[in-house]
Amino acid sequence: MSAGRASEGAGCIAWWGFSPARDLLKTGPVKCGGDVNVLLVGSGDPRHILKTISGLQEEERLHVWVIESSMEVVARQLLLLYLALMPKESMGNNEKTEVFLEVFGNGEIRSQTEETLRHAASQLSLSVTETLETAAHPCLNTTLLKFKERDELARIFKLWIQPKSSSSSSQSAAPILMSKAWDYRVRQHLGTRYDSKKGCFDWDLKMKLHERGCGVINKQQYARWRERGLAFEMREGVYQITNPSLLSSRVFSQKGNKVAVRGYWGDIVSSPYLSFGIETDDKSMLKTQNGQHIKTAQDISFANVQDLFHSLSSRRGCPPTSSQSDADQPPPESERKSVTINDLMPLSGISVTFLPLDSLDKLPEKQKFSHFFDSIYFSVSCVHKLGPTVRQIAAPDAVLVVELAKYILDVNKEQEAGFAEKVVSMALDAEFELWRDGKSDDVHAVFIPKRN
């Protein structure tokens with residue numbers, strides 16, 4: 001049984017994006033005022049949702065609609081949004097940022113984080129199975145998913161909730177060790193180069209990521225992530241419990257039969273630092289000394305996510321019951337465990353709705369979505385779904401944003417340029433043209449509807 005080509009470092013499931021967070025209402029011609037509808041196709045994580053919320057004016061209302069390519073990614077999106085919405089009374093902002101990044105980018109997590117993850121999964125499972133018509137929380141709306149998709153979500157959450165197997169529970173399957181699943185991928189990817197893997201990691205960092213402008217990604221932290229799948233190690237603790245939100249099933253052909261293998265099938269090359277850790281408005285965090293960055297991508301990720309969480313708090317529908325200084329004190333463990341979906345922060349004027357996996361082609365058939373979306377985003381892994389019907393669901397002054405292949409490290413410069421040209425061609429076929437008024441960006445291509 002083969003795991004595929006040795007070059008598939010990007011994996012076959014997008015647990016995080018291959019580009020930094022963007023405020024989609026300020027990408028392209030600026031949108032402002034009133035109700036805004038944004039469609040995300042394959043974004044893989046909530047970075048654009050959080051960033052776009054942070055840029056909203058008080059009177060603006062944002063409705064985000066999400067289409068992913070697998071229910072495992074939907075489950076993880078829901079988990080990350082749940083963590084982001086936890087009230088400061090139950091988890092201080094510093095700790096919430098650490099836990100979010102740990103779940104987001106670490107193959108192995110601490111026992112305290114696992115407890116938080118399992119509790120969140122149990123609440124999400126209840127939400128998915130018991131709220132059929134009205135969402136338990138506007139930012140965790142799964143009511144439009146098909147029944148079989150919601151059953152699949154419940155099954156995934158149940159896998160996350162299951163306690164660690166004991167020797168007496170011989171009926172249950174042996175738990176998957178992330179350390180083994182990760183090492184399997186690294187061996188498959190490097191092949192004969194595995195014995196000199198540290199040199200390979202260093203080459204990818206210096207000659208690829210640093211050359212692409214990611215100089216803040218630190219050598220030691222990147223090598224730790226490449227070797228063990230640990231991107232964020234922000235406090236003393238033992239990171240050795242498998243992060244179940246990064247496990248999924250992949251189908252292989254074995255002697256003519258299709259076999260589903262559960263393991264880690266995501267990115268092992270580009271890194272989760274791209275989403276929050278390579279750009280910052282605080283230029284002091286990009287300072288260098290003797291040619292070396294003083295701050296790391298981990299530091300920048302922490303600062304950015306913490307700022308995004310402060311923005312969420314400012315959109316809170318009801319005022320916090322404690323001061324900021326009180327809120328950053330760790331709450332009692334019992335209080336944290338008692339948090340339900342109803343206790344999550346309500347965000348004024350904001351909703352996030354998950355659509356069925358196959359809904360992109362069906363949206364044009366529904367009157368509600370005719371010329372509906374003000375901003376439409378396609379990830380690099382879902383750009384093949386960009387077709388002529390997209391124009392029918394785009395508002396007259398819509399902006400189309402497409403993630404490019406700049407940070408797919410197994411792609412060379414010629415292939416990257418060819419991919420960008422292909423994206424332009426596909427957008428033209430869908431009756432969109434390049435937006436030329438703004439500064440060119442080799443991370444995203446921005447389009448507007450063609451004028452007749």
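Which element gives the largest share of the lining of the largest pocket? In this predicted model, that share comes from α10, which supplies 5 residues. The pocket itself has a volume of about 1,000 Å³. Its lining is made up of 39 residues, and those closest to the centre are A21, R22, T27, E279 and D441. Helix α10 spans residues 297-314 and is one of the elements that give two or more residues to this lining. The others are α1 (47-54), α9 (273-276), α14 (413-429) and β13 (444-449). When the lining of the largest pocket is divided by class, 16 residues are nonpolar, 11 are polar and 12 are charged.

Two or more lining residues are given by each of α2 (71-84), β5 (248-254) and α14. Of these elements, strand β5 provides the largest share of the lining, with 3 residues. The lining of the second largest pocket comprises 12 nonpolar, 12 polar and 7 charged residues.

Definitions and conventions:
Residues are numbered from 1 along each chain as its sequence is written. This is a predicted model: local features need pLDDT of at least 70, side-chain atom pairs count only at pLDDT 80 or more; totals for chains, interfaces and linings use all residues. Side-chain values use heavy atoms; hydrogens and water are left out. On a 1 Å grid over the protein atoms alone, a cavity is a set of points where a 1.4 Å probe fits but cannot get out, and a pocket is an open set with protein on both sides within 12 Å along at least five of seven lines; lining residues have an atom within 4 Å of a point. Grid points are joined across faces, edges and corners, and a volume is the space filled by probe spheres set on the points. Helices (H or I, at least four residues) and strands (E, at least two) are DSSP runs, numbered from the N terminus. Ala, Val, Leu, Ile, Met, Phe, Trp, Tyr, Cys and Pro count as nonpolar, Asp, Glu, Lys and Arg as charged, and the others, Gly among them, as polar.
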